[in-house]
Amino acid sequence: SKPTREDIVSVSLFRDAASAAVVGGQSHNYSRSSERPCYEIVTGLSRIVEGTDHLVDYHETNEGAIRLFLHRDLPENIGKSEPGFVSTLLEKGRKVMLNKSDDAHVPTMNELRGVDILCHTGGPKVLREVAKCLGLTSKNLYSSWEVMKNNGNLSGASNLSVLNHHNEMAMEKTRNVKFNTGISKSKWAICLSMGPGVCLEGILIRDARKCFPELPMYKSVNDRRKVVHIVGGGIAGLTLAAKLDPSQYIVRVFEASTEIREKGYGLAIWPSTMRILRDQLGITGLDFRTSTSMVINRPNFATKLEIKPKKSSSDKGFMKRSALLKCILERVLKKHPGCIYTGHRCIRIKFGSSAVAADFECNGSIVSHSCDLLVGADGVNSIVRKYVSCNIDSKSYGHMTAYRFMIPSPSPELLKQTEQTWNMSISSSIHSPAYHVSSENSGLNVVVLEYDGGAPSQPRSANIDELEDVAKRSKLDFIINMLKTEKIEDLMCYSTYHVDAEPWHQPLAVIIGDAAHAY
């Protein structure tokens, strides 16, 4: 028989497709690196719209053909039914979250413009009616329109096709790729579907990657970038992250502490360092102090030694470690948004044939994250080094005890003495330069190193009396006078160590910074 008008419409709208999804259990208990959840299903809802059974009809002919009838009033009836349906779905979601003792805010009907609606591609009229009746724009249904335009109505496969498109776009957005879409920044999305009956189906979901950062990491199957995981959020680890190109690498930094932080002690900055930080990595806001000369006091010599750096070495100076880390962190977050994961303490490494996984202790649970390359930037007591440096892995006492402290408000005399000249004393102990670490204030950073000064120990708070004993034993007059006249803060004592590691790299892992070499 000749095709009817309904046959022509259905052939124009529908395409063949297949889709599938893997659904897991409790979202917080993932431990295998192969599991990479994308969304959490919060709740669902089904409803039959009364008095609409005549609007859609499927039937099979004696010849085996499937006939589809779609009434012209179908889109309008679906649209009118959606506001009450979605409102009930959201209310159900709020009750679910309350029962879970989860304080996450479930959107209200007035907040739907900030939520992505993943609607079945029932046809252009259906999408327009759903958007109009919910008070939304086409941007809220961006993924639905894209699948509709490119593939048409895929029947039951439409739902997951739209969800997959939304997921791919969300991944692109985390890469900071510029495109004109309606993908929102919300953690929430609403999946809507419809069928004969007329029946409505809805699922409230939220992005598991945004809500549960401790879950194993997700990488799109179409993403050809390498995944690089950096263990340690200090200066070395973040500097590497700032260097890596986001178009080639997915970068994530795992820090054991609950926040990225550095103690406010100073750090020597050389011209080559400034060229890398400022010129190659594009790190801005660097605040450091220079000086015109260094005076070295030698008790066994009658004269002092003065060293003046070349005028061309204007990038030689000192910087506050915390200020430097903050500048690098800002650059990293611009290049790799959302890449920092704090509260992750690395406990072991597992090598595979083409990937490496690290197990982390996080919030009382053990989670595993796999990657193409693992970088150990986790300091002198590196865990990663134990798995990389198979030939040599030693940490030996450096036979020096270090005392470091800050003078937040130097006296006018000390300020004048140290602002343009670094004062250094050398005897059986060394008083390192009393250097200014910021151009914005006059705070001084002072270091005293004593050879064979004490047994190896963990960093600890020290008292003024023991530092005074060191200064007197070594005739460090500059320090003795300073202790009498200045207010001292953050006095710490720690031992110096040598790290000897070999090799520094394996095919799937590498160590850098103090994890590879420290003194």
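Strand S7, residues 226-231, is largely enclosed by the rest of this predicted model, because 5 of its 6 residues are buried (buried is under 20% relative accessible area, exposed over 50%, and partly exposed in between, with a 1.4 Å probe and protein chains only). Strands here are DSSP runs of E with at least two residues, helices are runs of H or I with at least four, and both are numbered from the N terminus. Two strands count as paired if DSSP finds at least two bridges between them.

S7 has pairing partners to look at in turn. Strand S8 (residues 249-254) runs parallel to S7, and 6 bridges join the two. Within that pairing, His229 has Arg252 of S8 as its bridge partner. Strand S18 (residues 373-376) also pairs with S7 in the parallel sense, this time over 4 bridges, with Val228 standing opposite Leu373 of S18. Between S7 and S8 comes helix H7 (residues 235-243), and S7, H7 and S8 together make a right-handed β-α-β unit. Right-handed means that, with the strands pointing away from the viewer, the path from the first strand over the helix to the second runs clockwise.

Most residues other than glycine have a negative phi, and most peptide bonds are trans. Asn363 goes against the phi rule, with a positive value of about 55° although it is not a glycine. Asn363 sits in the loop between strand S16 (356-362) and strand S17 (365-371), and it is exposed, with a relative accessible area of 69%. His399 also has a positive phi, near 60°, but this residue is found in strand S19 (residues 392-407). His399 is partly exposed, at 44% relative accessible area. As for the peptide bonds, the one joining Glu502 and Pro503 is cis, with omega about -5°. Pro503 lies in the loop between strand S25 (489-502) and strand S26 (505-506).

On the surface, Val23, Ile41 and Ile203 form a nonpolar patch with about 280 Å² of accessible area together; of these residues, Ile41 belongs to strand S1 (residues 39-48). Patches take residues with over 30% relative accessible area and no salt bridge, joining like charges within 9 Å and nonpolar side chains (Val, Leu, Ile, Met, Phe, Trp, Tyr) within 5 Å. A salt bridge is a side-chain nitrogen of Lys or Arg within 4 Å of a carboxyl oxygen of Asp or Glu. Accessible areas come from the Shrake-Rupley method with a 1.4 Å probe, and for residues only the protein chains shown count as cover.

Residues are numbered from 1 along each chain as its sequence is written, and side-chain values use heavy atoms, leaving out hydrogens and water. Since the model is predicted, local features need pLDDT of at least 70 and side-chain atom pairs count only at pLDDT 80 or more, while totals for chains, interfaces and linings use all residues.
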